[in-house]
Amino acid sequence: MTLKKRFKASISYTWYLYLLALVLPSICLPFIFSFMHRIREYETLNLFVPKNINSKELVEFLEKNEPTKNVKKYETVVCDYGDSNFLNKLTIVGYSRSDVILLPEKILKNLNIPTVMLEIDEKLKKNYFENEIFYNCENASYGIELDKTKSPLKDFVIFGSEKYFLFLSGNSFNIGEYSKKAPTTSNAFSFTNFLLGN
């Protein structure tokens, strides 16, 4: 039997395999490319804001000003701390998915800060946050007081007379050597400095 005849015979019995060989690459290749080019967690910075703001405008502002290099995406999670679901959203989204968390002083006593926030040790103070005022808990520094007059957030958040602090999440992919996850960057530190107005 010649090659041509064998090919015709095999098509009559296994035509579906030839069809699959033609269709499968066109289905699989887009998934493979989207997986390869997806934005990784360490290329994203997420800010948790406890006030009702226009998060789209804030994200556009961050993208325009590029407070950190090598970041492909900025995100915000907005939940008013007066909302009855605020603590649930803070626990589920703020602690686990956010890099930087903005919180008013008056709710801090209800939170277990040391278990979820990154301690700002002497090395971080020296390298990133010199001359700042900190929120202290259990004889350690955790949050950095936001100067509402110089922070770029003043154009998006109505602060009122309350004190606000920026915290770094201990679950962030962007806290360098302090991260439990790999790969990691130090983008959260420069992002926090930008939000402080430094």
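The structure is a predicted model, in which local features need pLDDT of at least 70 and side-chain atom pairs count only at pLDDT 80 or more, while totals for chains, interfaces and linings use all residues. Residues are numbered from 1 along each chain as its sequence is written, and side-chain values use heavy atoms, with hydrogens and water left out.

Helices (H or I, at least four residues) and strands (E, at least two) are DSSP runs numbered from the N terminus. Helix 6 (residues 187-196) is mostly covered, with nine of its ten residues buried (under 20% relative accessible area, with exposed over 50% and partly exposed in between; 1.4 Å probe, protein chains only). Among these buried residues are Phe189, Phe191, Phe194, Leu195 and Leu196.

In helix 3 (residues 86-97), the buried residues are Phe86, Leu90, Val93, Gly94 and Tyr95. These buried residues pack against strand 1 (44-49), strand 2 (73-78), strand 3 (100-104) and helix 4 (113-116).

Strand 3 is largely enclosed by the rest of the structure, because five of its five residues are buried. In a regular strand the side chains alternate between the two faces of the sheet. From strand 3, Val100, Leu102 and Pro104 point one way, and Ile101 and Leu103 point the other way.

Two strands pair if DSSP finds at least two bridges between them. Strand 1 and strand 3 run parallel and are joined by two bridges; valine 100 in strand 3 is the bridge partner of leucine 47. Strand 3 and strand 6 (residues 164-168) run antiparallel, joined by five bridges. Here the bridge partner of valine 100 is leucine 168, in strand 6.

Terms used. Contact = heavy atoms within 4.5 Å.
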